[in-house]
Amino acid sequence: MVKHKILHMETREQIPTFINIRPQVLEFVKESGIKNGILSVQSPHTTCSVLFEEMVHDTDIKGQEYLQVDLNHGLSKIFPKQESDDYYYRYPGPKHQAFGVENDPAVANDMITILNADGHLKASLIGASETFSLIDGELQIGQWGYIYFIDWDTCRARSRKCILTLIGE
């Protein structure tokens, strides 16, 4: 048996958006009736990731959990925020800029919205999906394991989705 669900969420601008989707994932598994199988949690967006991590309880004044802050700090050393189309990043090139203007009204109105090379590279490094085992009705994520949907693109707030696919019996 195969079951699908699409989660819809809103992300913010200025800082990466981490959304704890563990409750929605666990509810989907429970409602599916499937007891044994494999669950895929996947982002269809090229600047977004799905991450399996420990929930930390402690947050900074922006509401970000400490592990999220630490991850952002480390990744920003590798891929600093793209502030302009300067020498650090080659993306987006002129052909991609033209494609953006032609196909996305947000880009046509404000070219800064595609200065997100750092978001694409962070998503490539972290990955767009996670796969989990379901055994006897229990998703194998342990007591501390949380599932986060992350939008690394900080240029603008966005409507995003996450695809859940459960295969089993």
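**Exercise 1.** Find which residues form one aromatic cluster.

*Solution.* The cluster is made of Phe18, Tyr146, Tyr148 and Trp152. Rings of Phe, Tyr and Trp (its six-membered ring) pair if their centres lie within 6.5 Å; planes under 30 degrees apart count as stacked, over 60 as edge-to-face and the rest as tilted. A search of the whole structure turns up five aromatic pairs.

Before you go on: this is a predicted model, where local features need pLDDT of at least 70, side-chain atom pairs count only at pLDDT 80 or more, and totals for chains, interfaces and linings use all residues. Residues are numbered from 1 along each chain as its sequence is written, and side-chain values use heavy atoms, with hydrogens and water left out.

**Exercise 2.** Work out what kind of pair Phe18 and Tyr148 make.

*Solution.* Step one: the ring centres are 6.5 Å apart. Step two: the planes sit at 75°, so you call the pair edge-to-face. Step three: Phe18 is in strand S2 (residues 17–20) and Tyr148 in strand S7 (residues 145–151), so the pair ties together parts 130 residues apart in sequence. Strands here are DSSP runs (E, at least two residues), numbered from the N terminus.

**Exercise 3.** Decide whether Phe18 and Tyr148 are buried or exposed.

*Solution.* Buried means under 20% relative accessible area, exposed over 50%, partly exposed in between (1.4 Å probe, protein chains only). Phe18 has 13%, so Phe18 is buried. Tyr148 has 2%, so Tyr148 is buried.

Key. Helix = DSSP H or I, 4+ residues; strand = E, 2+ residues; numbered from the N terminus.
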